[in-house]
Amino acid sequence: MQHFISPTDVTDIHALVKQGLYVKANPFEDAHLGKNKTIGLIFFNSSLRTRLSTQKAAQNLGMNVMVMNVGQDSWGLEMEEMIEGHPVIMNGDKAEHVKEAAAVIGRYCDVIGIRAFAELKDRDKDYRELVMSQFRKYAGKPIVNLESATRHPLQSLADCITIAEAKAAYAMPARPKVVLTWLPHFKALPQAVANSFCEWMNPLANAGEIEFVVTHPPGYELAPEYLGNARVEYDQEKAFEGADFIYGKNWSSYTHYGQVLTQNPAWMVTMDKMQLTNNGKFMHCLPVRRNVKVSDDVLDSPQSLVIEQAANREWSAQAVLKEILLTL
């Protein structure tokens, strides 16, 4: 693995999940791999789990870690090279161009992690994934996606690890039903987690390993290239029937880009809805607003996997970094 930006960088998802489970059981076995290697974690947006889990994973592998918040610890970075067919003129609030910044960071680091959210203003711009592509182009080092405008693959890998663990621990069906449900929220949030979860679940569904359903109000359809062949159900309770996993997440509209079309509280996940499932497990990437998106009794119940899911972020990051270090 030379980069970890999307699933196309992964040759075998199942093998990577197994690697995550292996490093979880043997966290310090590969500490020699990162000796005298440095990872730079570059954040354009805030973070809790991604920042701490990736730093911990890198340290487990013996790596040095540097963390930088762009715009706070550094100059603001210009990403565009051309605007309306003309070379960008840097006479605004960005003091440094990514050409120089990425190249310099690449000289200091052996691996670079980048976190840059969607701005939710211009869909075409966000879906170009400019920040990731520019760092990949100019840094000259492996890039790890710590969440981008359209994807959050480290989260999705942790989700796959969590599902694999739960299937074994709770004697679930060989072909579990996995449901991604939209949750109400009062402000626009990116589609990255939902896109990414679909992108990682669809190959499993296509192979007959899971049944995959996406449920949301009309108007919240995801981008077709991410939704894939997932079955869409607009009746949330019908979608929940017989489910083994419920994955909750809010996302703003893709068709009416970045807009909040409804805040309908009826879409909140409650214990009454969880009782429609096959004793299903609840998942969420966190952070989550209690009693807006999910009720207390669900989050605090034995059916909730959110803490273990978050803990598995360390092992998804370590599995990815291990694979990258083996190529250096």
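In this predicted model, the largest nonpolar core contains 53 residues. Val144, Leu180, Met201 and Phe212 have the most contacts inside it. Helix 7 gives the most to this core, namely 7 residues. Apart from it lies another core, of 19 residues, which includes Ala102, Ile112, Met132 and Ile143. In soluble globular proteins, nonpolar side chains tend to be buried together.

Leaving aside residues up to four places away in sequence, Phe212 touches Val178, Leu180, Phe197, Cys198, Met201, Asn202, Ala205, Ala230 and Arg231.

Strand 9 pairs with strand 10 (residues 211-215) in the parallel sense, over 5 bridges. Within this pairing, Leu180 stands opposite Val214 of strand 10.

Helix 1 comprises residues 13-25. Its 13 residues reach 19 Å from the first C-alpha to the last, close to the 18 Å expected at 1.5 Å a residue. The N-terminal end of helix 1 is capped by Asp12, with a side-chain oxygen 3.0 Å from the backbone nitrogen of His14.

Which residues of helix 1 are buried? They are Ile13, Leu16, Val17, Gln19, Gly20 and Val23. Seen down the axis of helix 1, these buried residues fall within an arc of 155°, so they line one face of the helix. The face turned away from the buried side carries the exposed residues Lys18 and Ala25. Among the elements that cover the buried residues of helix 1 are those in the table.

| Covering element | Residues |
|---|---|
| Helix 6 | 153-169 |
| Helix 7 | 192-206 |
| Helix 12 | 306-325 |

Ala164 is found in helix 6. Not counting residues up to four places away in sequence, Ala164 touches Val17 and Leu21. Ala164 and Val17 are 147 residues apart in sequence, but their C-alpha atoms are 8.1 Å apart in space. Is Ala164 buried, partly exposed or exposed? Its relative accessibility is 30%, so Ala164 counts as partly exposed, given that buried means under 20% and exposed over 50%.

Methods. Residues numbered from 1 in each chain as written. Predicted model: local features only at pLDDT ≥ 70, side-chain atom pairs only at ≥ 80, totals over all residues. Heavy atoms only, no water. Helix = DSSP H or I, 4+ residues; strand = E, 2+ residues; numbered from the N terminus. Expected span 1.5 Å × (residues − 1). Buried < 20%, exposed > 50% of the residue type's maximum accessible area, 1.4 Å probe, protein only. Arc of directions from axis to C-beta. Contact = heavy atoms within 4.5 Å. Polar contact = N/O pair within 3.5 Å; in protein donor to acceptor, adjacent residues only side chain to side chain. Core = buried A, V, L, I, M, F, W, Y, C linked by side-chain atoms within 4.5 Å. Pairing = 2+ DSSP bridges.
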